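Have the sequence and the structure open as you read.

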Amino acid sequence: MSYFFSIIIPVYNTEEYLPRALDSILYQDFNISKIEVIVVNDGSPKTTQCDEIIKKYSSKLNINYIRNEVNRGTIATRKLGIENSNMTNGWILFLDPDDYLEKKACSVLYEDIQKN
């Protein structure tokens, strides 16, 4: 599958915010089939909670879920997300679990990329 955006979300002890971040991707006004979500659980103490959230959203979003056994830190986690991206021709975005995308974020980015 070819994605235009790969959105990488590193998770460590922030599972309570993850559904909001995933919802903000799910409800984009951009073609959701062109978005890959890579969630990297960085050895979070709340791994079971993270697993349950991913299970709930995996039927709605194209999620690649990666679990680190030990905490490696944000930079290593983001790098691991990049390395596991299935994107062949597109853009990588980073989204922290306690953040969210505005509804038109991906479509605005896409339009600007196409113009330039």
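Arg78 and Asp96 form a salt bridge, with their closest N and O atoms 2.8 Å apart. The term salt bridge here means a side-chain nitrogen of Lys or Arg within 4 Å of a carboxyl oxygen of Asp or Glu. Arg78 sits in helix α3 (residues 74-83) and Asp96 in the loop between β4 (91-94) and α4 (105-115), so the pair ties together parts that are 18 residues apart in sequence. Helices (H or I, at least four residues) and strands (E, at least two) are DSSP runs, numbered from the N terminus.

A word on the source: this is a predicted model, where local features need pLDDT of at least 70 and side-chain atom pairs count only at pLDDT 80 or more, while totals for chains, interfaces and linings use all residues. Residues are numbered from 1 along each chain as its sequence is written, and side-chain values use heavy atoms, with hydrogens and water left out.

**Salt bridges**

By the rule above, the count comes to 4 salt bridges. In general, side chains of opposite charge can pair when their charged atoms come close.

Where do Glu16 and Lys46 lie? Glu16 is in the loop between β1 (5-11) and α1 (18-26), and Lys46 is in the loop between β2 (35-42) and α2 (47-57); the pair links distant parts of the chain, 30 residues apart.

Glu16 is partly exposed at 45%, and Lys46 is partly exposed at 27%. Asp51 is partly exposed at 25%, as is Arg67 at 43%. Arg78, at 21%, counts as partly exposed, and Asp96 does so at 26%.

**The sheet and its helices**

Now for the strands. In what order do the 4 strands of the open sheet run? The order is β3-β2-β1-β4, and the pairing is parallel. Two strands pair if DSSP finds at least two bridges between them. β3 and β4 are the edge strands, each pairing on one side only. From one strand to the next, the twist averages 20 degrees. β1 and β4 pair in the parallel sense over 4 bridges, and Ile8 has Phe94 in β4 as its bridge partner.

Helices lie across this sheet. α3 lies across β1, β2, β3 and β4 and runs at about 140 degrees to β2. α4 lies across β1, β2 and β4, at about 135 degrees to β1. Axes are lines fitted to C-alpha atoms, for helices over the stretch in contact, and angles run from 0 to 180 degrees between N-to-C directions.

**The nonpolar cores**

A nonpolar core is a set of buried Ala, Val, Leu, Ile, Met, Phe, Trp, Tyr and Cys residues joined through side-chain atoms within 4.5 Å. The largest one has 23 residues, of which Ile7, Ile9, Leu18, Leu22, Ile25, Ile35 and Val37 touch the most other members. β1, α1, β2 and α2 are the elements that give two or more residues to this core. α1 gives the most, with 5 residues.

A second, separate core has 5 residues, including Ile8, Ile38, Ile66 and Leu80. Ile38 is found in strand β2. Is Ile38 buried or exposed? Ile38 is buried, with a relative accessible area of 0%. Contact means heavy atoms within 4.5 Å; leaving aside residues up to four places away in sequence, Ile38 touches Ile7, Ile8, Ile9, Asn64, Ile66, Gly81, Asn84 and Ser85. Ile38 and Leu80 are 42 residues apart in sequence and 9.6 Å apart in space, C-alpha to C-alpha.

**Cysteines**

How many disulfides does a search of the whole structure find? The search finds 0 disulfides, a disulfide being a pair of cysteine sulfur atoms within 2.5 Å. Cys50 is buried at 0% relative accessible area, and Cys106 is buried at 1%.

Key:
Buried means under 20% relative accessible area, exposed over 50%, partly exposed in between (1.4 Å probe, protein chains only).
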